Amino acid sequence: MTAPTIRAARADDYDAIAAVVDDWWGRPMTPALPRLFLDHFHTTSLVAEDVDGLGGFLIGLLSPSRVDEAYVHFVAVRPDLRRSGLAAELYERFFALARAAGRLRVRAITGPGNTGSVRFHTTMGFTVHGPVADLDGPGRDRMRFERSLDVGPGA
């Protein structure tokens, strides 16, 4: 098996991503990933492709309000490529992009029930906080992840 090629996302990648995200996550996730993320943040997002097509993606941004931070909004890997290291490689590429832009930390969030995400982010050197009550509105508790870009794997 040939490793997927990782490249900067393009705005026109949205349709391919939207076509698979619900299936890959096993639940409706498209509402959490509107087209605006690829229209406005494709230059800070990544796409992985292999001979079978889309293999994974990371939607990330450099915060315009917090100039020392970057944020990972969404990451997904095709089921047959999970545990291959692709998600970690997508994150490492995003860390490098954020470092090059002078960012000092990366943040992300997930729901408290997403124990796989909590484990993955811990492995990637993130500090985990939470659950934080009502972070995304009443009854929408979230786990917060934060990672300094000067420590951890790949730093």
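Let's start with Ser45, which sits in the loop between helix H2 (36–41) and strand E2 (46–50). Helices and strands here are DSSP runs numbered from the N terminus, with at least four residues (H or I) for a helix and at least two (E) for a strand. This is a predicted model, so local features need pLDDT of at least 70 and side-chain atom pairs count only at pLDDT 80 or more, while totals for chains, interfaces and linings use all residues. Residues are numbered from 1 along each chain as its sequence is written, and side-chain values use heavy atoms, with hydrogens and water left out.

Is Ser45 buried or exposed? Its relative accessibility is 0%, so Ser45 counts as buried. (Buried means under 20% relative accessible area, exposed means over 50%, and partly exposed is in between, using a 1.4 Å probe and protein chains only.) A polar atom of the Ser45 side chain lies 3.2 Å from the backbone nitrogen of Gly60. Leaving aside residues up to four places away in sequence, Ser45 touches Arg7, Ala8, Ala9, Leu58, Ile59 and Gly60; contact means heavy atoms within 4.5 Å.

## Arg103, buried without a salt bridge

Next up is Arg103, in the loop between helix H3 (86–100) and strand E5 (105–110). Arg103 is buried, yet it has no salt bridge. A salt bridge would need a side-chain nitrogen of Lys or Arg within 4 Å of a carboxyl oxygen of Asp or Glu, and the nearest side chain of opposite charge, Asp68, is 6.6 Å away from Arg103.

What does the side chain of Arg103 reach at 2.6 Å? That would be the backbone oxygen of Glu69. A polar atom of the Arg103 side chain also lies 3.1 Å from the backbone oxygen of Val67. Beyond residues up to four places away in sequence, Arg103 has contacts that include Leu62, Arg66, Ala98 and Leu149.

Leu104 is in the loop between H3 and E5. With 48% relative accessibility, Leu104 counts as partly exposed. Not counting residues up to four places away in sequence, Leu104 touches Asp68, Arg147, Ser148 and Leu149. Leu104 and Pro131 are 27 residues apart in sequence, and their C-alpha atoms are 24 Å apart in space.

## A cluster of rings

Now for the aromatics: the structure holds nine aromatic pairs. Rings of Phe, Tyr and Trp (its six-membered ring) pair if their centres lie within 6.5 Å; planes under 30 degrees apart count as stacked, over 60 as edge-to-face and the rest as tilted. Tyr91 and Phe126 have ring centres 5.9 Å apart and planes at 90°, so this pair is edge-to-face. The pair links distant parts of the chain, 35 residues apart: Tyr91 is in helix H3, and Phe126 is in the loop between helix H4 (115–123) and strand E6 (127–132). Both Tyr91 and Phe126 are buried.

Phe126 also pairs with Phe95, this time tilted, at 6.0 Å centre to centre and 50° between the planes. Phe95 is buried too. Ring pairs link Tyr91, Phe95, Phe120, Phe126 and Phe145 into a cluster.

## Strands side by side

Finally, the strands, which pair if DSSP finds at least two bridges between them. How many bridges join E5 to strand E7 (residues 142–148)? There are six, and the two strands run antiparallel. Ile109 stands opposite Arg144 in E7.

E6 and E7 are also antiparallel, pairing over four bridges. Thr127 has Glu146 in E7 as its bridge partner.

How values were computed:
Lys, Arg positive; Asp, Glu negative; His and termini not counted. Polar contact = N/O pair within 3.5 Å; in protein donor to acceptor, adjacent residues only side chain to side chain.
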